[in-house]
Every structure is written in structure tokens, then in C-alpha cells.
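I've opened my notebook for a new structure. Here is what I looked up, in order.

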Amino acid sequence: MKPVHNRFRTLWWLSLLACILVMVTIGCNGTGQGGSGAPTYEGEVKQILADRCLSCHQDGEIAPFSLSSYDEVRDTSSAIAHAIETGSMPPWPPDDTCNSYERNKSLSPEERQAVLGWVEAGTPEGQPSQEDQEDSDEEEAITYDLDLTMAEPYTPQLEPDDYRCFVMDWNAETEKYVTGFRVLPGRRDVVHHVITFVAGPSLADDFLAMDEADPGPGYTCFGSPVSAGASQAASYGWRWLGSWAPGGSHRTFPEGTGIRVQPGSVLVMQVHYNTLSSEPVQDQTTFQVRLSDEVERAATVMPITNYRWISGNETMAIEAGDPDAQASHDLDLSADVLDYLGTEAGLSNGDPFLVHSVGLHMHLLGTKATAWLERADTSEQCLLDIPEWDFDWQGAYDLQTPVEVNPGDRFHMQCHWDNSEDNQPVIDGERAAPQDVAWGEGTRDEMCLAILYITAP
Ligand code: HEC
């Protein structure tokens with residue numbers, strides 16, 4: 001019996017030793033599929049990538065390669081480890097201590113460890129569990145009901161910033177709600193942002209006339225989607241539908257909500273072309289929408305800034321050389337702007353309302369931005385905090401719990417910029433000299449804009 005006992009003992013020691021070795025590099029929890037404790041693709045990694053990476057890393061989305069099969073992930077595993085270690089991926093600019101957001105892309109420490117451990121262990125595939133197979137059957141791909149594409153391609157003519165509006169017929173014959181959208185920029189090297197607006201049936205002719213009056217596809221439309229000399233009704237009657245800036249992909253509006261579009265409307269797609277660092281090339285951008293016949297709550301998109309910065313009555317001053325220029329603005333949203341900005345959601349001044357999502361927008365000099373509420377009782381609630389602004393990763397963030405805003409609550413926003421010598425854009429291979437900057441439409445101008453998606457409570 002003794003020899004057997006000894007053999008057992010040796011085996012036991014060997015396996016303990018193996019476990020220690022594994023533990024030193026990747027952790028030894030004994031739950032993995034490979035027997036050694038290493039995470040496997042099927043065991044852990046696949047689900048982590050599905051939650052944190054696939055919204056961008058799949059065919060037709062913004063990332064340059066897909067991570068949706070074992071082979072694809074194995075073949076790029078060292079780049080994945082590098083990107084995770086350096087923090088370049090996944091991009092998730094919001095500070096999660098400010099609020100909680102849907103579809104958070106950041107990796108928890110455990111997830112990070114699992115992916116890195118899996119790469120370290122030689123990318124074992126493992127076996128799919130029964131549960132996973134059931135889950136994956138439930139996932140449905142997003143489909144779009146309507147594709148709206150610029151009728152003809154357009155080559156930017158104004159340099160370096162060309163704002164061009166393209167009018168597109170809305171062909172639906174009944175009232176519809178847009179519940180999600182995706183922008184497919186024709187040329188990402190020149191498309192700097194896209195905002196799509198809705199102009200109701202009574203304004204359709206005004207917008208078609210603006211298009212007609214300007215030779216070539218579309219018309220020039222800096223700032224708002226109207227050309228100079230537009231009627232009063234057209235100048236104030238349009239509403240935001242959806243926007244895209246670098247880093248954005250598709251957008252699904254919060255469940256049960258959508259933006260109403262009436263038959264006979266036109267969609268106006270404003271494309272900001274920027275040719276600061278690339279040649280003007282032909283672009284033909286597409287806006288895809290998901291539609292529903294009805295929703296529980298009609299929504300509206302509320303762009304907020306200090307409108308005196310835009311009119312020039314006040315200067316959003318960012319002095320040349322200032323490493324931390326700041327601008328802030330606050331207002332009582334419920335009392336001040338619902339009569340004008342809330343009507344599509346059935347709201348008027350003095351009404352309470354719900355904020356479902358929040359975005360912030362600046363340009364290249366931005367370093368950080370924050371939006372918060374100061375309640376009537378002076379307590380504060382953070383809505384969105386971007387501690388390290390990255391122009392390439394902008395988005396709208398859906399709050400896990402929509403926030404109710406009441407009359408008397410003040411909305412605050414604050415933006416910071418670095419206009420020092422070291423933080424200037426590179427133009428034609430050379431770093432530009434700092435210049436005084438203010439609110440403006442050009443890429444070298446700046447903005448400080450918050451974008452809320454709201455409904456009635
Ligand atoms: C919001 C969209 C988005 C998400 C989410 C995302 N990526 Fe990316 N990823 C990109 C884009 C776009 C690029 C192209 C390079 C760039 O623009 O930085 C990229 C590039 C990469 C690269 C190439 C090397 C590099 O660092 O640029 C790797 C590797 C990568 N991603 C891995 C991942 C992994 C792993 C995840 C999830 C944990 C992830 N990405 C999540 C959009 C995304």
C-alpha cells in the first residue's frame with residue numbers, strides 16, 4: 001500500500017505546484033474549463049467580449065476588425081492584451097462614480113484579469129456551456145426599417161470646414177416614431193459630425209427651396225440646418241433627431257420611447273466636413289432608422305448651451321496659451337426652455353420631465369466636461385462627467401435610472417480646454433500656434449454643448 005500512497009502524494013504535490021504556477025500568472029480558481037483553472041474562450045472570454053467589445057467590433061460597425069468568432073479573437077489576442085493593458089480599449093470616457101449608464105463598456109477588474117489570463121494561457125477555446133447556447137439564441141441582430149442616403153455624392157468645397165445640409169424625403173404615409181438609428185458616414189476621414197433634423201410637413205417646402213437655391217447637392221448650412229434668409233418658421237421649426245460624432249456607432253433610444261415624425265416631413269442631414277488633415281474626397285453618407293407605430297412616451301432631444309455664446313452677446317473666451325480655460329452655464333430647464341424645446345414630448349414651461357440620456361460635446365482643445373443638477377433643496381446630482389475628454393470618443397449615455405427634473409432645479413454644465421502650445425492640432429505636418437478661440441462651427445473653434453434626451457414623466 002505504501003508505494004501507492006507515495007505516488008498519490010507526489011501527484012498531489014505536483015498538482016499543487018502546477019496550481020501555484022498558474023496562480024502566479026493568472027489566478028487559480030478551479031472553475032475554468034481547461035482543468036488547469038485558466039479562463040477559456042467559451043468559458044468566460046466570449047461573454048466578456050460580447051458585453052464590452054462587439055457593439056463596435058463586428059461586421060458593419062466602426063472598429064476595423066471583428067471579434068465575434070474564436071478564430072478572430074485568437075488571431076488578434078496579443079493586440080487585445082496590449083490594448084487592455086494600456087487602457088486604449090475599450091473606450092469608455094464617463095466617470096462611473098457620477099452616474100450609472102446602460103451598456104457600460106468598461107471592464108471590471110475581474111473581466112480584465114480573465115481576458116489577460118486567457119491570452120497568457122495560450123488562448124484555450126474550451127467548451128460552450130449549455131446556458132451560453134441558450135443565451136445566444138435569444139440575441140437578435142438590430143435591423144433598420146428605412147435607409148436614407150444622400151441622393152448624390154458630395155465633395156467638400158469649403159476648406160477646412162464645410163457644413164452641408166442634405167434634404168431627404170420621409171416616405172412613410174402614417175405617423176411614425178423613430179426608436180433608433182445608425183449613421184454610416186461615407187468617408188470617415190472627412191466626415192467630422194452628422195446631425196439629422198426633422199422638419200415637419202408645413203416646413204418641407206421651405207427646406208426643399210433652400211436645397212434648390214444652392215447649386216450642387218444640398219446647401220451650405222453653418223450652425224443651424226437653415227441657410228441664410230430662411231423664413232422665421234423654418235429657422236425655428238426644426239428639431240433634432242439624431243447625431244453622430246467620431247466614436248459613435250448605432251443608437252437605440254430608451255425602451256418605450258421614440259421621436260415622432262409626421263407624414264410629409266423631410267429629414268435634413270447636416271454633415272460637417274473637415275479637411276484640416278485630409279484631402280477633400282467624395283462622400284455619400286447614409287442615415288438608417290428603426291421605426292415604431294406607437295411608443296409609450298414621445299421624446300425630444302434637447303440641445304443646451306448658453307445661447308448668448310452663439311449670438312455673440314457673450315464670449316466663450318479661450319485665450320491663446322491658457323492651459324485650463326473654462327466656461328460654465330446654468331439654467332432652470334423646466335422654467336426656461338420647455339415652451340420651445342419640449343413641445344414634441346408634450347411638455348411646456350413649468351412641467352417636470354425625465355432625462356433619459358446625456359451627452360456632452362466639445363472640439364479638439366477640450367480636456368474635461370461635466371453636467372449636473374442642483375436641486376431646489378441645494379443637493380446636487382451628477383449626470384455626466386468626462387474627466388479626460390477625447391474628441392474621438394463621443395456619445396450619448398443612457399442613464400440606468402432616468403432622472404426627474406422639476407421646476408426650480410438648475411442644470412449646470414462646465415467645460416475645460418487646454419489652449420497651450422503643446423495641445424494644438426497638427427496641420428500639414430506642423431503643430432499650429434495657439435490662437436484665441438471662442439464658440440464657433442469650425443473644428444478649430446470650440447463648443448460647450450450638452451444634449452439631453454427627455455420625455456414627460
Ligand atoms: C466604442 C467602440 C469600440 C469598443 C466598445 C471597443 N473597440 Fe476596439 N476599436 C475600436 C475602433 C474604432 C478601433 C480602431 C482604432 C481606433 O480608432 O482607435 C479599435 C481598435 C482596437 C484594437 C487595435 C489596437 C488599438 O488599440 O487600437 C484592438 C486590439 C481592440 N480594438 C480591442 C478591443 C477590445 C478587446 C474591446 C473590448 C474589451 C474593444 N476593442 C472595444 C472601437 C471599439
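This is a predicted model: local features need pLDDT of at least 70, side-chain atom pairs count only at pLDDT 80 or more; totals for chains, interfaces and linings use all residues.

How do the residues of the shell around the ligand divide into nonpolar, polar and charged? I got 13 nonpolar, two polar and two charged.

Residues are numbered from 1 along each chain as its sequence is written, and side-chain values use heavy atoms, with hydrogens and water left out.

**Ligand.** I found 17 residues around the ligand, with Cys-53, Cys-56, His-57, Ser-88 and Met-89 coming nearest (near means a heavy atom within 4 Å). His-57 puts a polar side-chain atom 2.7 Å from a ligand nitrogen. For Ser-88, I read 3.0 Å from a polar side-chain atom to a ligand oxygen. Helix H4 (residues 77–86) gives the most to this shell, three residues (helices are DSSP runs of H or I, at least four residues, numbered from the N terminus).

**Helix pair.** Next I checked H2 (residues 41–52) and H5 (residues 109–120): their axes come within 10 Å and cross at roughly 125 degrees. Axes are lines fitted to C-alpha atoms over the stretch in contact, with angles from 0 to 180 degrees between N-to-C directions. On the H2 side I listed Tyr-41, Val-45, Ile-48 and Arg-52, and on the H5 side Glu-111, Ala-114, Val-115 and Trp-118 (contact means heavy atoms within 4.5 Å). The residues of this contact divide into six nonpolar, no polar and two charged.

Conventions
A polar contact is a pair of N or O atoms within 3.5 Å; within protein, one must be able to donate a hydrogen and the other to accept it, and residues adjacent in sequence count only if both atoms are side-chain atoms. Helices (H or I, at least four residues) and strands (E, at least two) are DSSP runs, numbered from the N terminus. Ala, Val, Leu, Ile, Met, Phe, Trp, Tyr, Cys and Pro count as nonpolar, Asp, Glu, Lys and Arg as charged, and the others, Gly among them, as polar.
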